[in-house]
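Here are my notes on the model you sent over. I've kept them to the sheet, the packing and the charged pairs.

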Amino acid sequence: NKLIQLDLWSVKSSIDIFCLTETKIDDSHTDALLSLNNCFTVVRKDRNKHGGGVAILLRRSIKHHILSIPQHLQSVEALACDIIILGSTYRIVVVYNRNHNTCLRDLIDTLNYMLLTPYPCIITGDFNLPHIDWNVPSACDSNCRNLLNFSILNGLTQHVSAPTRFNPPNILDLVFSSTSNLISDVVVGDL
């Protein structure tokens, strides 16, 4: 069970924030399911059918404000929180794009809305866009080019350099920041 692994990881580490995709829970589950023995505040957006869903788990000591998303962008599996750490505010965004062929217009509109902040941002999630070479950078299909162009136009740095899926190796799970020195290390592993 991945919840048991997540709970063990939270106990053994000093991680204060978890961004989760494909939570696969619905409104029949209470936040207690993800609160890891009530050590974390749970912010979530469930799909309520056929998997999906996103969540941000914040250690209870972290002050936060959940970003309200306009109704016309509610279909996107994304959520954002402004968090305050040591007197500084940051915006944390988590995204799940269900598949490579999904039209990205609403996702990109949502991300553009979430970037309307004076605070440094971290955007993380499962984008399911395998045809981007982040080293060059280049993309070989329109959806991948759209995300790549979005990241370039917004001055975002993409931090994942190792494959997050294998057979064939692809980087589907991405971490962007609006300030390149905001993230010092990204480790790819399985939960």
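1. Let's start with the sheet in this predicted model. Six strands make up an open sheet, running E4-E5-E6-E7-E11-E10, and the pairing is mixed. The edges belong to strand E4 (63-66) and strand E10 (157-158); each has a single partner strand, so one side of each goes without a neighbour in the sheet.

2. Next, the E5/E6 pair. These two strands run antiparallel and are joined by nine bridges. Within the pairing, Asp82 sits opposite Arg91 of E6. H2 packs on the sheet, where it touches E5, E6 and E7, and its direction makes about 170° with that of E6.

3. The side chains of Asp82 and Arg91 form a salt bridge, with 2.6 Å from N to O. Are the two partners buried or exposed? Asp82 has a relative accessible area of 8%, which is under 20%, so Asp82 counts as buried. Arg91 is buried as well, at 5%.

4. The structure has ten salt bridges. One of them joins the side chains of Arg165 and Asp173, again with an N to O distance of 2.6 Å. Arg165 is partly exposed, with a relative accessible area of 29%. Both residues also belong to a salt-bridge network that links Glu22, Asp126, Arg165 and Asp173.

5. Now the nonpolar packing. As background, nonpolar side chains tend to be buried together in soluble globular proteins. The largest nonpolar core here has 44 residues, and Leu111, Ile123, Phe127 and Leu147 have the most contacts inside it. Elements giving two or more residues to this core include strand E3 (54-59), strand E5 (77-85), strand E6 (88-96) and strand E7 (121-126), along with helix H2 (105-114) and helix H3 (142-153). Strand E11 (173-177) is on that list too.

6. Which residues does Leu111 touch, leaving aside those up to four places away in sequence? They are Val93, Val95, Ile123, Phe127 and Phe150.

Technical notes
Residues numbered from 1 in each chain as written. Predicted model: local features only at pLDDT ≥ 70, side-chain atom pairs only at ≥ 80, totals over all residues. Heavy atoms only, no water. Salt bridge = Lys/Arg side-chain N within 4 Å of Asp/Glu carboxyl O. Buried < 20%, exposed > 50% of the residue type's maximum accessible area, 1.4 Å probe, protein only. Core = buried A, V, L, I, M, F, W, Y, C linked by side-chain atoms within 4.5 Å. Helix = DSSP H or I, 4+ residues; strand = E, 2+ residues; numbered from the N terminus. Contact = heavy atoms within 4.5 Å. Pairing = 2+ DSSP bridges. Axes fitted to C-alpha atoms, helices over the stretch in contact; angles between N-to-C directions.
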